[in-house]
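This briefing concerns a predicted model. Please consult the sequence and structure shown below before reading the points that follow.

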Amino acid sequence: MTREIIDPEVFFNATGCLRNLSSADMGRQTMRNYPGLIDSVMTYAQNCVASNRPDDKSVENCICILHNLSYRLDAEVPNKYTQLNHMARSVYMDKTLTGCFNSRSGKMENDEYGVPLPEEDFKPKGPSWLYHSDAIRTYLSLMDQSKKDATLEACAGALQNLTASRGLMSNAMSQLIGLKEKGLPRIARLLQSNSSEVVRSGASLLSNMSRHPVLHKTMAHQVLPDVSRLLSFQSGNTNSYGEIMTSACYTLRNLIMSNPHLGKSYLTSNMINNVVSLCRNGSCPKAAEAARLLLTDLWSNRELQSVLKQVRRILLLLSRQEQPRS
């Protein structure tokens with residue numbers, strides 16, 4: 001229906017109700033299967049983007065609905081990637097049975113699947129909208145245009161859900177976001193937000209994407225400065241601090257270990273000092289574990305050891321200068 005036929009206030013209240021319902025397991029599953037619902041919500045959001053109305057008050061509701069309906073999509077909704085995952089596991093099992101002395105035979109990584117990705121539906125309907133490239137473009141466009149933190153958080157959250165699994169969907173969505181749609185600079189800008197929730201969603205999304213080696217080179221050049229800045233300057237005064245630091249440590253670990261030469265310039269004394277402090281932070285156990293893994297991997301790399309030794313000497317010198325004189 002055209003925008004003139006729909007009363008804006010009625011539509012806003014209706015999508016607000018659906019937004020609340022979509023956050024529950026039963027509501028999420030029912031709404032995914034309801035004919036025309038996802039199509040309508042997605043179309044409204046796309047029309048607002050096309051007409052330069054990114055902060056229309058109903059857009060926030062629509063994107064939050066799509067964010068919620070994308071949760072556990074790979075596990076809860078049969079899709080084209082479900083069959084491919086089964087095929088990939090079969091190929092993997094065949095390889096491990098014939099090559100049982102392979103040192104990597106006990107570890108299956110989704111970037112090693114020798115199965116082609118499926119073609120997209122030309123006219124998606126229902127749940128297939130949720131992982132379609134047109135939806136990805138809508139989220140990224142809103143990241144460029146919207147000034148509302150809730151909309152930005154929901155866009156990043158939807159992409160985070162699509163990249164959260166360990167299967168082919170995560171691999172494909174990550175490549176679509178980072179390589180085909182060139183969305184990394186827009187995600188990196190979220191890390192500079194004054195909203196800790198926006199930063200948390202952006203950092204979690206980058207952490208998911210950094211698991212895929214095919215993206216490492218591009219991510220290292222485009223997001224490593226912003227991620228390392230998080231570890232250098234982020235304070236622990238927000239409720240999302242632990243999650244942000246956990247994601248930043250894992251992203252930094254994946255990207256620096258894939259390109260130690262490039263990563264050396266980001267290992268500043270301030271950042272290393274913060275990571276060491278994070279290891280001792282008992283109030284954020286997940287972040288402390290992520291920091292320990294990061295430091296362990298950095299120290300295990302010979303190319304990085306000289307940098308870390310130099311940083312350690314600087315930190316020791318600074319600590320002695322700060323000690324009170326008797």
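Helix α1 passes helix α4 in a left-handed crossing, meaning that the near helix is turned anticlockwise from the far one by less than a right angle. Helices here are DSSP runs (H or I, at least four residues), numbered from the N terminus.

**Helix packing**
- The contact (heavy atoms within 4.5 Å) involves residues of α1 including Phe11, Phe12 and Leu18, and residues of α4 including Cys62, Cys64 and Ile65.
- Helix α1 (residues 8–21) and helix α4 (residues 57–69) have axes 9 Å apart and pack at an angle of about 25°; α1 is therefore roughly parallel to α4 (angles under 35 degrees).
- Axes are lines fitted to C-alpha atoms over the stretch in contact, and angles run from 0 to 180 degrees between N-to-C directions.

- Asp226 lies in helix α13 (residues 224–233).
- With a relative accessible area of 12%, Asp226 is buried (under 20%, 1.4 Å probe, protein chains only).
- Beyond its neighbours within four places in sequence, Asp226 is in contact with Ala188, Leu191 and Gln192.

**Surroundings of Leu159**
- Not counting residues up to four places away in sequence, Leu159 touches Ile136, Tyr139, Leu140, Met143, Ile177 and Leu205.

**Basis of the values**
- Residues are numbered from 1 along each chain as its sequence is written, and side-chain values use heavy atoms, leaving out hydrogens and water.
- Local features need pLDDT of at least 70 and side-chain atom pairs count only at pLDDT 80 or more, whereas totals for chains, interfaces and linings use all residues.

Methods:
Helices (H or I, at least four residues) and strands (E, at least two) are DSSP runs, numbered from the N terminus. Buried means under 20% relative accessible area, exposed over 50%, partly exposed in between (1.4 Å probe, protein chains only). Angles under 35 degrees count as roughly parallel, over 145 as roughly antiparallel, 65 to 115 as roughly perpendicular and the rest as oblique.
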